[in-house]
Amino acid sequence: MTRKRVVVTGLGATTPLGANVPESWSALLAGKSGVALLSDEWVADLPVKFAARVSQDPSEVIEKAHLRRLDRSESFALIASREAWKDAGEPAVEKERLGVVIASGIGGVTTLLEQYDILKSKGARLVSPHTVPMLMPNGPAAHVGLELQAKAGVHTPVSACASGAEAVGYALQMIRNNRADVVVCGGVEAAIHQLPMAGFASMKALSTRNDAPDKASRPYDLDRDGFVLGEGGGVLVLEEYEYAKARGAKIYCELIGVGLTSDGYHIAAPDPDGSGVVRALNFAMQDAEAQVSDVVHLNAHATSTPAGDIAEANALAKALGNHVDQVAVSATKSMTGHLLGGAGAIESIFAALAIKERMAPPTINIDNLDPQVVVDVVKDKPRALPKGDIIALNDSFGFGGHNVVLVFASI
């Protein structure tokens with residue numbers, strides 16, 4: 001039996017770089033940073049006083065009455081999915097053949113904390129009746145599924161910072177397994193709040209470059225000192241190729257493979273030998289039925305942590321072998337910050353656009369490339385990608401040792 005082919009037909013996003021995909025992509029190619037100092041009063045008590053908020057607040061596009069019933073992460077999912085669905089041409093798919101997979105690493109954490117404050121200060125009677133639907137991690141997927149009336153399945157992978165990429169991989173498998181013809185997939189996160197930031201800061205995971213927040217996210221730079229917390233989300237519309245072709249859909253690229261592994265090493269630290277990443281990339285290429293020599297671009301996880309960047313770079317060098325010098329590596333978190341469960345989703349969008357536009361985004365803030373980094377990093381300016389049949393990868397990793405690699409191909 002011939003395996004079903006899966007293509008990307010719609011893209012949607014709300015990010016620190018733009019209110020939508022075109023704005024985010026344009027800012028990315030221009031090397032702009034979405035990181036800035038926070039104005040919230042609670043940052044006074046924190047060692048880290050900056051983050052990467054979305055460029056357009058949800059209140060600007062969702063009516064106030066509706067917004068009160070949504071966690072911030074759920075609003076991101078609706079904004080991004082509406083753009084992606086419209087971009088795909090609003091396919092008239094049977095609802096029983098339409099699926100949704102929207103991931104989140106943390107879920108409605110801001111709702112949980114805000115409602116707990118209300119409980120303690122004003123009493124149980126004033127806790128919102130919408131609290132549980134707002135804080136549950138599957139809330140973003142559920143709201144998108146309800147709006148689209150999707151009946152092939154609505155799912156929420158939760159695997160920390162690998163969640164968004166895992167959602168895209170799950171959607172690929174839904175179509176291959178003939179559960180759906182169209183799947184709306186991606187990831188969101190809204191965790192810029194005092195407690196999550198205090199927790200990450202306590203772990204020494206965040207950069208403390210308060211004097212220059214736009215320079216704080218610096219993947220692969222010798223002086224990197226941690227990641228920058230971001231928020232937002234990205235959504236892709238995947239379709240079975242013959243279905244998309246029959247309806248005359250615009251096609252960005254083809255999603256041809258996914259590889260998933262786990263490290264079995266540590267709850268928060270990456271395995272220094274990178275064997276889990278190597279296996280994930282190998283599995284992804286096997287699943288794609290492609291060769292490493294076909295890969296021309298990779299959107300790296302590259303969070304800007306001292307240990308993580310080196311472990312990933314070394315693993316990529318092992319997996320790509322002699323071809324490593326031919327792969328243009330972009331670390332887009334240098335501009336967006338780290339969207340946790342939304343990271344793999346917006347970076348999948350960037351990988352799809354890199355394929356479509358034949359352009360690898362730059363990595364900013366590299367003043368002194370760490371000599372231990374042995375991959376070909378695209379610095380400061382975009383780099384043109386070759387013509388012909390090409391492949392781009394997106395890799396994502398998460399606390400708990402989750403590893404995901406996605407394979408996109410030109411079509």
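Visitor: Where does the charged end of Arg5 sit?

Guide: This is a predicted model. In it, the charged end of Arg5 lies over the ring of Tyr241, 4.3 Å from the ring centre.

Visitor: How many aromatic pairs does a search of the whole structure find?

Guide: Two. Start with Trp25 and Phe350. Their ring centres are 6.4 Å apart and their planes meet at 35 degrees, so the pair is tilted. Trp25 belongs to helix α1 and Phe350 to helix α13, so the pair ties together parts 325 residues apart in sequence. Trp25 is buried, at 9% relative accessible area. Phe350 is buried too, at 3%.

The other pair is Phe200 with Phe227. Here the centres are 5.2 Å apart and the planes stand at 80 degrees, so this pair is edge-to-face. Phe200 is in helix α8, while Phe227 is in the loop between α8 and β7, 27 residues apart. Both Phe200 and Phe227 are buried.

Visitor: What angle do helices α7 and α13 pack at?

Guide: Two packed helices are described by the angle and the distance between their axes. For α7 and α13, the angle is about 65 degrees and the axes are 5 Å apart. Gly164, Ala165 and Val168 of α7 meet Gly344, Ala345 and Ser348 of α13. That contact has three nonpolar residues, three polar and no charged.

Visitor: Which residues in α4 are buried?

Guide: In an α-helix, residues three or four places apart point the same way, because there are 3.6 residues a turn. In α4, the buried residues include Val109, Leu113 and Gln115. The buried residues pack against α3, α5 and α8. After α4 comes Gly123, with a positive phi near 100 degrees.

Terms used
Residues are numbered from 1 along each chain as its sequence is written. This is a predicted model: local features need pLDDT of at least 70, side-chain atom pairs count only at pLDDT 80 or more; totals for chains, interfaces and linings use all residues. Side-chain values use heavy atoms; hydrogens and water are left out. Axes are lines fitted to C-alpha atoms, for helices over the stretch in contact, and angles run from 0 to 180 degrees between N-to-C directions. Helices (H or I, at least four residues) and strands (E, at least two) are DSSP runs, numbered from the N terminus. Contact means heavy atoms within 4.5 Å. Ala, Val, Leu, Ile, Met, Phe, Trp, Tyr, Cys and Pro count as nonpolar, Asp, Glu, Lys and Arg as charged, and the others, Gly among them, as polar. Buried means under 20% relative accessible area, exposed over 50%, partly exposed in between (1.4 Å probe, protein chains only). Rings of Phe, Tyr and Trp (its six-membered ring) pair if their centres lie within 6.5 Å; planes under 30 degrees apart count as stacked, over 60 as edge-to-face and the rest as tilted. A charge sits over a ring if NZ of Lys or CZ of Arg is within 6 Å of the ring centre and within 35 degrees of the ring normal.
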